[in-house]
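Biologist: I am new to this structure. Please walk me through its charged residues, and explain the terms as we go.

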Amino acid sequence: MPFRSRHPRTLLAYAALLDHSIERIAEVSADAREFDREEIYRLTDVWDNNTAALFAAAAARFRWTRALQARWALRWMADFSPARRAWMVERTAAAGVPVERFLPRPAPVPAAPGQWHRFYRGFMTAELDGSGDELTEGLAAEYDLPAAGFRGLLVERRGADRLDGWCEFELPRRYAGGGPRAARLTVLFEDPEGLRFDGGRDTTGLSLEAGPDGVVLRLGAAGVLRCRSVRLNLDDDHWEVSPTGRRFAAAHPERRERHGVRQWTLPISRSAGGPADAGWVLRTAMIAARRVRFAGSAADAPLRAVTTALAGAGPRILAAGAVRRRADRNAAFEALVADWFRRGGPDFAEAVTGYVTVPEEFRLVGPRARPTVRALPARLALVLYRPPSTPVEYSRPAHARLVFAQAAAGDPDAPWILRSQGFEHPVALAFTLDAFRHAAVPESAPDRLAFGPHLTATGTPDPY
């Protein structure tokens, strides 16, 4: 008779997804030269709304209830987006516990390049490559591109070699019937072939040219971007009033809003007490790691502490949840949490302080020192710039944020670490793509930072 695991496949798959997330975060954050902020954010974001369901399934009393609870939770997790569903299918198959047959069907494939696709009411997206003349001509006819207002730019390294980023614009409408709120266009790009930007020059105006060599974006007199292709995200509440919008609406009637998969929970109280407390600790730790979403916090997120503490958490959660007696089960989860604190140390405790009770012996003594840029070889990892005309809704004045992968002082063989430097209004920034291609020693002064001949930033130092 073949061996039958006491844990159902769906629950084993759930735990495998957690372990893969932790292992992958540790891998892409181990050395700042291979740091991938976007992938870390994507993985940590999974465990915001899916942690409680994992612990509820792990602590359910019967095998069939564990299987059903995990299956419901996996379906709800996969319904978030096609990308997340594809990730789940790939990782569970690699772990030997495939769950694709339990998941909802994938969403329809978006429209072909050069065509608009609705991904939410009032939000349109399109892939623009060298054959997108019709798309660019439609934008130029319906929006006053020469008067477009520049609202921000981000360029960052993903892993060892890739670059991607975005730039934002507000577009005055040419067509009648638009509301008072300006339309917003976000241009997302990957692996640019050329990039030059100077915030000290006029940033008013936008032009998009699609040709045999790819796409060229010109930003007033301030910069130029060259890519094989870009993605356009258009946010315009009144787009369907425009000529292009009317034609699109006639050809693609808006479907009835899909309700999606419901997040069911069995009426079982076994997950209360120890399991629920442990789930809250794990969820809070992953949210702390998710701070990498904000460019200025990437260097401060407690990634090493979180991944060290939670390494191998999946099987240990299942083992603790399988304990029969409630008191013993709660004790098993309390021991698991104590071990997380022990392994993660004060940085892990600081990450969850304020949300859970931290044992006294694990609390951080005194404020943690913030890393600063040093006179050591560095590799530019991220540039974020918001100009003085940025609207109030962004909550901060004009600012620039620079993040570097920097060698560890005194140990040339140690993994590089992230350093961050910011400037506030008045701020000026100029850089080229070559800033990302070479290592250099940052030249730092109280109101200025230069990175080789390819980047300079001046302004009031950011205290954060």
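Modeller: Start with a network of salt bridges that links Asp-45, Asp-48, Arg-84, Arg-283 and Arg-290. The model is predicted, so local features need pLDDT of at least 70 and side-chain atom pairs pLDDT 80 or more, while totals for chains, interfaces and linings use all residues. Residues are numbered from 1 along each chain as its sequence is written, and side-chain values use heavy atoms, leaving out hydrogens and water.

Biologist: What makes Arg-158 and Asp-36 a salt bridge?

Modeller: Their closest N and O atoms are 2.9 Å apart. A salt bridge needs a side-chain nitrogen of Lys or Arg within 4 Å of a carboxyl oxygen of Asp or Glu, so the pair qualifies. The structure holds 28 salt bridges.

Biologist: Why is Arg-158 called buried?

Modeller: Its relative accessible area is 15%. Buried means under 20%, exposed over 50%, partly exposed in between (1.4 Å probe, protein chains only), so Arg-158 is buried. Asp-36, at 7%, is buried too.

Biologist: How do you know that Arg-325 is exposed?

Modeller: Arg-325 has a relative accessible area of 52%, so it counts as exposed. Its salt-bridge partner is Asp-328. Asp-328 is partly exposed, at 37%.

Biologist: What makes Glu-156 and Arg-37 a polar contact?

Modeller: Their side chains meet at 2.8 Å. A polar contact is a pair of N or O atoms within 3.5 Å; within protein, one must be able to donate a hydrogen and the other to accept it, and residues adjacent in sequence count only if both atoms are side-chain atoms. Glu-156 itself is buried, at 5% relative accessibility.
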